[in-house]
Amino acid sequence: MPRRERNKFVKKNQVLELKIEDYAFGGKGIARIKSEDGSFVIFVPNTLPGQLVKAQISKSSKNYAEAKLIDVLEHSEDEVEVPFQDIPGAPYIQLPIDLQHQYKKESTLTLFKKIGKVENIEDLFDEFVTSPNVFHYRNKMEYGFSAIGYDRVAKRDKDEFTLGFKRRGVWWMGDNLEKDSGLFDKQLEDNLKNIRKYCIDTGLEPWHGPKKTGFFRYFVVRKSFKTDELLCNLVTTSPELSKFDLQAFAEFLKNIFGERLAGLLHTINDETGDRTIATAGSLDLVYGKDKVVEELLGLNFEISMKSFFQTNPKCAEKLYNKVVEYVLEDKTKVDNTVVMDLFCGTGTIGQIVASKSENAKIVGVDIVASAIEDAKKNAKRNNIDGLKFYAADVGKFLIAHPEFKDKIKTIILDPARAGIAPKTLQKIINLNADRMVYVSCNPATQARDTELLAEAGYQIKKISLVDQFPHTSHIETVVLFER
């Protein structure tokens, strides 16, 4: 076996100061090391052109390296001051939103050129859909407890009871959230320090990641933009539960949030894994109700703590409007036909299409059984007929139902970040639909699938970008394919 050629520029785990020169898809800043041997590229996620950063090499090959961001030493001259606490979940919050949009559009369209082999992608570009709320747009946030904190002055770890977010790239180190992060509910986040003090005063310990010990683990909050209510979930271990008064904690939250507090749930999680809800744990209602109601495009959706729901519901309305616009662009391919809604989740898109079409039958399929149960309940609540939902793997479902072959004119696709497995995509292609509306939260996998769809005769007619998550590198795409 030939020896792997050693990298002459960097070594794994080496810590470097790097000037970011350019931006690649997915929020990867590009730095270059130049020497007599030439120029060598290093990708650093969550960075911007113009920044000077400290980063650690995590992966190295002959042609390039990847590094983990440790700290931003100098900001880009494009960045501006904002009145929010910086958190790992919003690395670009100091970059003006129009520049964020520019970076996202340019890098995403380049992706379709390089990976999807769509040379004229700019000609097919339809719209960049912006988020109605640039700040405070999220409807769910998970705050973690930790016994190891971060000293922002000394820039090192310290023993401290923390409640906030993990430091970027350090799973065992917490960072207290002292005020509004700009992403979630301002009143909640401004009071997180008071919730932390209440927990400290009980004398019970926060979770210690390396030791796998402690009582307090997570504080999870869902928000309804329709009702302005907050649904809270305190996650703890069980051994010292008798020492903690859950009812008193509920009263404490009621005193802060008043009628905004829809309910308090308590989850027991004794697993050592870093997840909020354990597979073998319990979820009990302490106070109030265990669900909130959200509205999307005039339809009501009941959301529990475990339900999947769009994180930015106001922007999700614009996303769904764009999807439905593409689906209904040719109503002859929808009215009085069967429309397949694959990877349908809680069935939101299918319900909207059914409500806006004439006698269309929507067949929704998703592997997550709880999502399908929610889909059925929501369809019943909204009095929408013509919907059938199946809890099944999409590929296996299509094998088990050959009667749909050559009967489908329109397919809606909304897969998870990993995209569509090639074998499953081939089964979808075999349905011989006239058109597909493909929604993706990961354009890289969608661009990959675009090449296979092109081989089967499906060409992009339109593509729109939807900025569901301002201040992050994430972007969603809606693509209309036609045969």
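1. Asp366 sits in strand β17, which covers residues 361-366. Please keep in mind as you read that this is a predicted model. Is Asp366 buried or exposed? Its relative accessible area is 10%, and buried means under 20%, so Asp366 counts as buried. Leaving out residues up to four places away in sequence, Asp366 touches Phe343, Cys344, Gly345, Ile372, Tyr390, Ala391 and Ala392.

2. Asp366 also has an annotation. An unreviewed UniProt entry gives the feature "binding site" at Gln310, Phe343, Asp366 and Asp414.

3. You will find Gln310 in the loop between β15 and α6, the latter being residues 313-327. Gln310 counts as buried because its relative accessibility is 9%. Which residues does Gln310 touch, not counting those up to four places away in sequence? They are Asn139, Ala316, Leu319, Tyr320 and Gln468.

4. The unreviewed UniProt entry also lists Cys441, this time under "active site". Cys441 is placed in the loop between β20 (435-440) and α11 (443-455). Here the relative accessibility is 22%, so Cys441 counts as partly exposed. Setting aside neighbours within four places in sequence, Cys441 is in contact with Pro415, Ala416, Arg417, Ile475 and Glu476.

5. As background, an α-helix has 3.6 residues a turn, so residues three or four places apart point the same way.

6. Most residues other than glycine have a negative phi. Asn359, in the loop between α7 (348-356) and β17, has a positive phi near 60°. His471 is not a glycine either, and its phi is positive at about 75°. The loop that holds His471 runs between β21 (459-466) and β22 (476-482). With a relative accessible area of 1%, His471 is buried.

7. The largest cavity holds about 40 Å³ of space. Its lining is made up of Tyr23, Leu48, Tyr92, Leu95, Gln100, Tyr103, Lys104 and Thr472. Helix α1 (residues 97-114) gives the largest share of this lining, with 3 residues. By class, the lining of the largest cavity has 5 nonpolar, 2 polar and 1 charged residues.

8. The second largest cavity has a volume of about 30 Å³. Around it are Glu302, Ile303, Ser307, Phe308, Phe309, Thr346, Asp374 and Asn378. Strand β15 (299-304) and helix α8 (369-381) are the elements that each give two or more residues to this lining. The lining of the second largest cavity divides into 3 nonpolar, 3 polar and 2 charged residues.

9. Finally, turn to an open space, the second largest pocket, with about 870 Å³. It is lined by 32 residues, and those closest to its centre are Ile70, Asp71, Val72, Arg167 and Arg168. Two or more lining residues come from each of β4 (52-60), β5 (64-74) and β8. The largest share, 6 residues, is from β5. In this pocket the lining has 16 nonpolar, 5 polar and 11 charged residues.

Conventions
Residues are numbered from 1 along each chain as its sequence is written. This is a predicted model: local features need pLDDT of at least 70, side-chain atom pairs count only at pLDDT 80 or more; totals for chains, interfaces and linings use all residues. Side-chain values use heavy atoms; hydrogens and water are left out. On a 1 Å grid over the protein atoms alone, a cavity is a set of points where a 1.4 Å probe fits but cannot get out, and a pocket is an open set with protein on both sides within 12 Å along at least five of seven lines; lining residues have an atom within 4 Å of a point. Grid points are joined across faces, edges and corners, and a volume is the space filled by probe spheres set on the points. Helices (H or I, at least four residues) and strands (E, at least two) are DSSP runs, numbered from the N terminus. Ala, Val, Leu, Ile, Met, Phe, Trp, Tyr, Cys and Pro count as nonpolar, Asp, Glu, Lys and Arg as charged, and the others, Gly among them, as polar. UniProt positions are given in the numbering used here, feature names are shortened, and annotations may be inferred rather than shown by experiment. Buried means under 20% relative accessible area, exposed over 50%, partly exposed in between (1.4 Å probe, protein chains only). Contact means heavy atoms within 4.5 Å.
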